[in-house]
Amino acid sequence: MYAVTVRFEIKPGAETAFLDLIRQNAHASVRDEPGCRQFDVCVDPERPQEVFLYEIYDDRASFEAHMTTSHFISFDAASDPLVLSKSVQTFAEVFR
């Protein structure tokens, strides 16, 4: 397994538009990508401008393939103007 976490800081007023885009991307990822096992979108109502993603892939190659899909490329382009910052971390499974 290969885990990916992403933290976004969204521009004020852009939260709804961003969440619509990320939900579409998450749904398409789980539905259309055989190597995508989980794609959670998390928001704390106390901090609506912070969005946290937790994604699980079969392996690094599956995650790299994810980043070449049309739904990811569309999401990335459409969401870029809505985002103040983005931080990505990846983790390989060590113990299960």
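Modeller: A cut-off comes first: exposed means over 50% relative accessible area, and buried means under 20%. The model is predicted. Take helix 3, residues 70-79. Its exposed residues Ser-70 and Ala-77 sit on the face turned away from its buried side. The buried residues are His-71, Phe-72, Phe-75 and Ser-79. Viewed down the axis of helix 3, these buried residues fall within an arc of 100°, so they line one face of the helix. Residues three or four places apart point the same way, because an α-helix has 3.6 residues a turn.

What do the buried residues of helix 3 pack against? They pack against strand 1, helix 1 (15-32), helix 2 and strand 4.

Start with strand 1, residues 2-10. Seven of its nine residues are buried, so strand 1 is largely enclosed by the rest of the structure. Strand 1 pairs with strand 3 (residues 50-57) in the antiparallel sense, over eight bridges. There, Arg-7 stands opposite Phe-52 of strand 3. Strand 1 also pairs with strand 4 (residues 83-92), again antiparallel, over nine bridges. Val-4 faces Thr-90 of strand 4 in that pairing.

Now helix 2, residues 60-66, which holds Phe-63. Phe-63 counts as buried because its relative accessibility is 10%. Beyond residues up to four places away in sequence, Phe-63 touches Tyr-2, Val-4, Glu-55, Tyr-57 and Thr-90. Gln-38 lies 25 residues from Phe-63 along the chain, and their C-alpha atoms are separated by 11 Å.

Note on methods:
Residues numbered from 1 in each chain as written. Predicted model: local features only at pLDDT ≥ 70, side-chain atom pairs only at ≥ 80, totals over all residues. Heavy atoms only, no water. Helix = DSSP H or I, 4+ residues; strand = E, 2+ residues; numbered from the N terminus. Buried < 20%, exposed > 50% of the residue type's maximum accessible area, 1.4 Å probe, protein only. Contact = heavy atoms within 4.5 Å. Pairing = 2+ DSSP bridges. Arc of directions from axis to C-beta.
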